[in-house]
Structures are given as C-alpha cells and as structure tokens.
Amino acid sequence: MRFACAVLLLSSVAWAAERPGLAPLTGYPAHPADNPGTPEKIELGEMLFFETMLSRGGRRSCGTCHKPALLFMDGLSRAWGLHDMELRRKTPGLLNVGWQRSMFSDGRVKTLEEQAPKPLENNLEMDLEPEVAAERVANDPLYQKLFARVFPGQSITFDLIAKAIAAYERTLVSYDSDFDRYLLGDHTALKPEAVRGMDLFAGKAGCVGCHNGPLLTDHQFHYTGVPEIPGGTPNGTKHKTQGLRDVNRRSSYMHNGHYLKLRHVIDHYARGGAAPDGLKPEIEPLELSGQDKSDLMAFLRSLNGRVINSVTDSPGTPDIFDVKPEEKANTPAAAQDPSYVNK
Ligand code: HEC
Ligand code: HEC
C-alpha cells in the first residue's frame, strides 16, 4: 500500500512537471500573524460583510455586489453603483482572494485589510465615512457583545471591522477542479479536448506566460489591448492578470466587463487584442483553428472548482453555484447594455 502511494505521488509530480507553469491549488490561504483567523472573528466578519449599516442609506453591504450565490460577483457586466448608475468596472468574484498579492485591477492596495474601507469611501459604492460606520456598529448592542468576544478590551474602530471582514474573505476558496485532480495524478479527470486545450494554453498560445501558478495568474500588470469604455482608464493602461479559476462562471470578462462570453475573450486573444490604432498590446495574434478554440474553452471549463467556505463547510462538501444565463440577463445593466442582445 505504501509502495502504491509512493508510485502515485511520483507519477503525479512527474505529470505536473511536464507542464511548467501550471500547478494545482491545495489548502487554504494563510491568515497574517497580525490578524489570526479565529472562528469567532470569521463569523463576525461574515456578519459585517452583509451589514447594510456600513452604507450611507443603510441599504447596501459588501454582499449587495459580491453575492455568494453568484460566486461573489453580481451577475452584471459592470457593477451597479448608488444613484442607479453603472460603474466602470465589473465586480470581481472573491473566491481565492486570500491568495492575491494586490487588490483591484490596478493593484492600488495590497491587503484585504487595507481594501475593506475603500468601498465605503467611494461615493458611488457605499458612500459612508468608515469612522461613521464604526460608530454605528459600536452603538449596536449585539455587535458590542461580539466584538468584546473577538477583540477583548479594544474599542470598536473601522480597523477592527476591516480585520474581521478580511478574515472572513480568506475563507472563501474554490479548488478541487478537474484540472487540479488531473495535475495531482488522476489522468481520467480531464477529457482529451481539455488536455489538448491545456497543451495549447501552456504551449503555442502562450497563455501560461501570464496565467501561471495555482491561481493561473502571475500577479503582474499587463496591457492586453482591451478597449476602454468612456470615462475609464486611458487605453493602454496595464491591468492585473486575472486568475482563471471558475472563469467560465463569470458574467463578464476583463476589468471593465468588455466581453460577456468566454469565447469572445478567446477571439480577442486570437486577433492579438482589440487595441486602438497606434497602441501595441503585450500579446501577438495567434493562429487558432475552430478546434483549437473549442479545446481552449474545454480547458478553461475544467478550472471550475468546488466552492468551499473553509469554516462553515467541512472539506469534501460539494457546494457549487452556477450562474444561470437567465440570471445574467435579467438585470438592470443587462437591459441597458446593447451587447446583451447577441447572447
Ligand atoms: C457597488 C458594488 C460593490 C460594493 C458595494 C463592494 N464592492 Fe468590492 N468590488 C467592486 C468592484 C467594481 C471592484 C473592482 C474595482 C477595481 O478593480 O478597481 C471590487 C473589488 C473588490 C476587491 C478586490 C478583488 C480583486 O480581485 O482585486 C475586494 C477584496 C472587494 N471588492 C471586497 C469588498 C468588500 C469587503 C466590500 C464591503 C466593505 C465591497 N467589496 C463592496 C464592487 C463592489
Ligand atoms: C501578456 C500577458 C497575458 C497573456 C499572454 C494572456 N493573458 Fe489573459 N489576461 C491578462 C490580463 C492582464 C488580463 C486582465 C485584463 C483586464 O482586466 O482588462 C487577462 C484576462 C484574461 C481573461 C478574463 C478573465 C476575467 O474574468 O475577466 C481570460 C479568460 C484570459 N485572460 C485568458 C487568456 C488566454 C486563454 C490566454 C492565451 C490565449 C491569455 N489569457 C493570455 C494577461 C495575459
């Protein structure tokens, strides 16, 4: 038995080594030493994540845009702000965010703790001074009890709120995809078309140059020729390489939700981006046949994982949410976005 395990392990290591740049995702993101993730803190963070007191009108929480049932996205092409307006960025999902090395598509903050006050400070998102939000929470008898348990002897500040929310976010994980199982040695986990797609991804198509490691991102910033929308960043701006886990379940693609379907993203790469004249993206046109494109799609679909809350779900609980096309289309932004017509 021991011998069999050793053989299995060796062969799986060899299998992964044949595909440099690709790696399975295992375990959970670590909590930083100055903000340990105790179960009570994580539970408090979860409550705060859905707490509408943290917004000016008391009607929005983090969870209004980052909806658990939509993999912590919103089902829209771009986020829907206060005052009934569409924002210039899509709402990214938060699964596996605890492993990210910077936050937002321009990486302007590094940690989840630093990120948490930003949506409040943004007058189009939650629009409430973090100090005022902390005061509201501090005046609530239930929160008084919960904070005293998690942060004994400390008065309630937004820093503590941010710590609890960050601890909760670090528990949102998706892994154990077909891709992971394949790299860990189960050679039946991927269909032949997905294996061909993986070989293209890691070979001729050059995707792995930027989408590598267990999250399929280099954590760097690149210009890939995504056209900007009016009022967005200037064309030519570099954006964070997005991780690709659960990619096929997203309602829109690229920082500004420019594409609504994954196959449109593949077409984007095939033609070497859609940059305005005079701008050169960091990608080259690719010669991809129809078969190549569907193989790449099959590979990207194999990155759908099991969604695990490392605290509330015991490992092994299948808990997969799928974004249904009807849900995507039935939204205010969808109604206004002419590109939905061709879905
Ligand atoms: C109006 C909708 C909205 C609300 C409310 C909102 N977010 Fe977001 N969130 C976004 C958008 C849009 C982005 C991407 C912004 C960018 O890249 O510049 C984002 C980005 C993030 C990121 C960075 C993810 C990444 O991949 O870089 C984290 C973490 C996050 N939000 C957590 C929160 C938390 C915590 C709250 C509540 C305190 C919250 N959000 C409230 C829409 C929202
Ligand atoms: C030069 C680096 C680079 C290469 C090469 C590259 N990408 Fe990307 N990719 C990025 C960056 C940067 C983004 C984010 C762009 C944005 O937000 O506007 C991205 C975004 C994506 C997205 C959208 C994710 C989302 O949710 O918005 C997909 C899908 C994707 N890439 C797949 C691929 C595939 C497939 C290939 C190979 C054909 C590839 N990429 C090659 C850097 C790269």
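This is a predicted model: local features need pLDDT of at least 70, side-chain atom pairs count only at pLDDT 80 or more; totals for chains, interfaces and linings use all residues.
The secondary structure of the protein consists of 14 helices and six strands. The protein has 343 residues, of which 39% count as buried. Among contacts with a separation of 6 or more, 69% are between residues 24 or more positions apart.

**Helix 11**

- Buried residues in helix 11 are Val265, Ile266, His268 and Tyr269.
- Viewed down the axis of helix 11, these buried residues fall within an arc of 155°, so they line one face of the helix.
- As a general point, an α-helix has 3.6 residues a turn, so residues three or four places apart point the same way.
- Helix 12, residues 290-301, is part of what covers the buried residues of helix 11.
- After helix 11 comes glycine 272, which has a positive phi, near 75°.

**Ligand 1 and its surroundings**

- Ligand 1 is surrounded by 25 residues, with Cys62, Cys65, Ala79, Ser105 and Pro119 the closest.
- Two elements give two or more residues to the shell around ligand 1: helix 3 (62-65) and helix 4 (112-115).
- Helix 3 gives the most to this shell, contributing three residues.
- Sorted by class, the shell around ligand 1 holds 14 nonpolar, eight polar and three charged residues.

**Packing of helix 2 against helix 8**

- Two packed helices are described by the angle between their axes and the distance between the axes.
- Helix 2 covers residues 39-49 and helix 8 covers residues 158-169; they pack at an angle of about 100°, and their axes are 7 Å apart.
- Helix 2 is therefore roughly perpendicular to helix 8.
- On the helix 2 side, the residues that meet helix 8 are Lys41, Ile42, Leu44, Gly45, Glu46, Leu48 and Phe49.
- On the helix 8 side, the residues in this contact are Ile161, Ala164, Ile165, Ala167 and Tyr168.
- By class, the residues of the contact of helix 2 with helix 8 are nine nonpolar, one polar and two charged.

Terms used:
Residues are numbered from 1 along each chain as its sequence is written. Chains are lettered from A and ligands numbered from 1 in the order in which they are written. A residue is near a molecule or strand if its C-beta atom, placed from the backbone, lies within 6 Å of it. Helices (H or I, at least four residues) and strands (E, at least two) are DSSP runs, numbered from the N terminus. Ala, Val, Leu, Ile, Met, Phe, Trp, Tyr, Cys and Pro count as nonpolar, Asp, Glu, Lys and Arg as charged, and the others, Gly among them, as polar. Axes are lines fitted to C-alpha atoms, for helices over the stretch in contact, and angles run from 0 to 180 degrees between N-to-C directions. Angles under 35 degrees count as roughly parallel, over 145 as roughly antiparallel, 65 to 115 as roughly perpendicular and the rest as oblique. Two residues are in contact if their C-beta atoms, placed from the backbone, lie within 7 Å. A residue is buried if 20 or more other C-beta atoms lie within 10 Å of its own, exposed if 12 or fewer, and partly exposed in between; C-beta atoms are placed from the backbone. The arc is that of the directions from the helix axis to the C-beta atoms.
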